Amino acid sequence: MKKRPSTDTAYAAFVSGIKARIQGARLSAARAVNRDLILLYWDIGQGIVEKQRTHGWGESVVEKLSRDLRKLFPGMSGFSAVNLWRMKQFYDVHTSGEFLGHFSQTIENEWISKRSPILSQLVRELGKGRSVTSRNEILSQAVRELATTVPWGHHTNHLAKIDDSATRLYYLAATARFGWSRNVLLNQIKAGAYERSRRETKSHNFPAALPEHLAEQAEEALKSGYNLEFLGIRKALKERDLEDRLLDHLRDFILELGYGFCFVGRQHRIKLGKKEYAVDLLFYHRFLKALVAIELKLGAFEPEHSGKMDFYLNVLNETERGPGDAPSIGIILCAEKDGLEVEFALKSKVNPIGVAEYSLRPKLPSEFKGKLPTSKQLTDALREELDRS
């Protein structure tokens, strides 16, 4: 007797394959629509800027153009005067000399050049020794190409409110790379992700422990410090209490970690022979495709912390790493760290481990900010002293 198709394993796999294909097609179609929409808005913004420049048209042309376009395309949205002004600003900002200067430094050295075949070709064109005018035209094309990977709502609701070119480029590139939703982008901006990424270097051994492409992604996912002020802690507590607070505010903690982290469990049990061990917090990172173990330390970083984490990662890789997964990554969250100590502690570790500080409240009153040396400045001074000795 033949099996009914609905109960056949092969049929279930067949349906699953079609489902994945349909979802992929819908996603590709949505991306294509967004790309065409951004290109259209860029061209409209460029047209307004150039016509105002060459014909001396005033601001009233935007109101007139809005009325005429809505008459010509009554079934289409997006042609309000406000949105046309946004298109003009969109083009103006991304073709300014300041923005193109920052973009020029980024596109040749980072992942952006690998974002698409078009961007890769534009990078090759930039390397052919062109005039400043020609170079700016190519850079402008590359910026436009990158901008098409981010939805219009992101551009107008959040990115448009950032005045500094370097900051805007950071969030534009990060959104394109990690697929941040509008809410995630907003939370990253409010948390000062860019400022914190520039404040001090990150402590990890990713380049030595991971392939280059994974090391870059892991470095991007790790922050130099984590702001846990949302926990509202104002007195001393134990590590387990800190863990409890983090889980009570799990949504806020995941937003602070960054996009792509999926919670697996707390005090996650791992077995080796007859013994059992517990990882404080275990996550899975969707884009790195790797388990991420987090250990919480209330005090300063100690070298033995990295040894314990290295052991945990060995066990996770042996017992829980899935087929096709990247090597598991460890993050040690501590109250303080010394960069030199971390560097030496991680030198011999094969597994990728990062060490970051957390803050439960602002470290300095506002009147002292900028008036005392940072931990990086002190570390650099110590390095210079050691080099001289």
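A cavity, as the term is used here, is a set of grid points where a 1.4 Å probe fits but cannot get out, and its volume is the space filled by probe spheres set on those points. The model on display is predicted.

**The whole chain**

Begin with a cartoon view of the chain, whose secondary structure comes to 17 helices and seven strands. Of its 389 residues, 43% are buried. Among contacts with a separation of 6 or more, 64% are between residues 24 or more positions apart.

**The second largest cavity**

The structure holds three cavities of 30 Å³ or more. For this stop, select Arg86, Gln89, Phe90, His94, Trp152, His155, Thr156, Ala160 and Arg168, the residues that line the second largest cavity. The space inside this cavity is about 70 Å³. Which helix gives the most to its lining? That helix is α3, with four residues. Colour α3 (81-94) and α7 (152-157), as each supplies at least two residues of the lining. By class, the lining comprises three nonpolar, four polar and two charged residues.

**The largest nonpolar core**

Next, show the side chains of Leu84, Phe103, Leu159, Tyr171 and Trp180. Within the largest nonpolar core, which has 40 residues, these five touch the most other members. Helices that each supply at least two residues of this core include α1 (9-55), α2 (60-72), α4 (97-107) and α6 (132-147), together with α3 from the previous stop. Also among them are α8 (165-178), α9 (182-190) and α10 (193-199). The largest share, seven residues, comes from α8. In soluble globular proteins, nonpolar side chains tend to be buried together.

Centre the view on Leu159. Not counting residues up to four places away in sequence, Leu159 touches Val150, His154, Arg168, Tyr171, Leu172 and Leu185.

A second, separate core has 19 residues. To locate this second core, select Met309, Ala345, Leu346 and Val355, which are among its members.

**His268 in strand β3**

Finally, select His268, which lies in strand β3 (residues 261-272). Is His268 buried or exposed? His268 counts as buried because its relative accessibility is 17%, and the cut-off for buried is under 20%. Its side chain makes a polar contact with the side chain of Glu320, at 2.9 Å. Leaving aside neighbours within four places in sequence, His268 is in contact with Tyr277, Ala278, Val279, Leu282 and Glu320.

Notes:
Residues are numbered from 1 along each chain as its sequence is written. This is a predicted model: local features need pLDDT of at least 70, side-chain atom pairs count only at pLDDT 80 or more; totals for chains, interfaces and linings use all residues. Side-chain values use heavy atoms; hydrogens and water are left out. On a 1 Å grid over the protein atoms alone, a cavity is a set of points where a 1.4 Å probe fits but cannot get out, and a pocket is an open set with protein on both sides within 12 Å along at least five of seven lines; lining residues have an atom within 4 Å of a point. Ala, Val, Leu, Ile, Met, Phe, Trp, Tyr, Cys and Pro count as nonpolar, Asp, Glu, Lys and Arg as charged, and the others, Gly among them, as polar. A nonpolar core is a set of buried Ala, Val, Leu, Ile, Met, Phe, Trp, Tyr and Cys residues joined through side-chain atoms within 4.5 Å. Buried means under 20% relative accessible area, exposed over 50%, partly exposed in between (1.4 Å probe, protein chains only). Contact means heavy atoms within 4.5 Å. A polar contact is a pair of N or O atoms within 3.5 Å; within protein, one must be able to donate a hydrogen and the other to accept it, and residues adjacent in sequence count only if both atoms are side-chain atoms.
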